[in-house]
Amino acid sequence: MLMRTDPFRELDRLTQQLLGPGTWSRPSAMPMDAYREGDQYVVAFDLPGVTADAIDIDVERNMLTVKAERRPVVKADDVQMELSERPLGVFSRQIVLADTLDTERIQADYDAGVLTLRIPIAERAKPRKISIGVGTGHKEISG
């Protein structure tokens, strides 16, 4: 068997044991990626072992909040735990969204432990051409 040593894993494990699992008032952080893909902004959160019904997504003004809870697996009475490294409890992440994003049309998908949010770029934030009228004194904006 191949064993890989990570000096920080033990420190993370000890910290988790001392602080206990995340709670709704003190949630643990969840890893995420964020990038722009064409005319939308994509945010992906790692939530392995979390069921879709244990995920809560809220948007208030331009603040996006994602909370999830990884619950313990129900075990039979005769099971003796030998090792438990997978964190349980509540995980949360808040992101301030730019005004150029359309928070009314956010799409959320959950597959293979990854929550993916797709947030469209607002029409008002997309580049547009402005035509100039000659001698008429007005300018026309076209989208």
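These are my notebook entries on one predicted chain.

**Ground rules.** The model is predicted: local features need pLDDT of at least 70, side-chain atom pairs count only at pLDDT 80 or more, and totals for chains, interfaces and linings use all residues. Numbering starts from 1 along each chain as its sequence is written, and side-chain values use heavy atoms, with hydrogens and water left out.

**Confidence.** I checked pLDDT, the predictor's confidence in each residue, from 0 to 100. The chain has a mean of 80, and 74% of its residues reach 70 or more. Confidence is lowest in helix α1 (residues 7-19), at a mean of 60. Strand β7 (residues 107-111) is highest, at 97.

**Layout.** I counted one helix and ten strands. Helices (H or I, at least four residues) and strands (E, at least two) are DSSP runs, numbered from the N terminus.

**Sheet.** I traced an open sheet of four strands, in the order β1-β6-β5-β4, with mixed pairing. Two strands pair if DSSP finds at least two bridges between them. Strands β5 (residues 63-70) and β6 (residues 89-96) run antiparallel, joined by eight bridges. Here arginine 70 has glycine 89 in β6 as its bridge partner. β4 and β5 are also antiparallel, over six bridges. Aspartate 58 stands opposite threonine 65 in β5. The β4-β5 hairpin has two residues between its strands, and arginine 61 in the turn has a positive phi of about 60°.

**Threonine 116.** I looked this residue up in strand β8 (residues 114-120). Is threonine 116 buried or exposed? Threonine 116 is buried, with a relative accessible area of 16%. Buried means under 20%, exposed over 50%, partly exposed in between (1.4 Å probe, protein chains only). Leaving aside neighbours within four places in sequence, threonine 116 contacts Val42, Val43, Ala44, Gln107, Ala108 and Asp109. Contact means heavy atoms within 4.5 Å.

**Whole chain.** Of the 143 residues, 23% count as buried. Among contacts between residues at least 6 apart in sequence, 52% join residues at least 24 apart.

I took the second largest pocket, with a volume of about 210 Å³. A pocket is an open set of points on a 1 Å grid over the protein atoms alone, where a 1.4 Å probe fits, with protein on both sides within 12 Å along at least five of seven lines; lining residues have an atom within 4 Å of a point. Volume is the space filled by probe spheres set on the points, which are joined across faces, edges and corners. The lining includes Gly49, Arg71, Met81 and Glu85.
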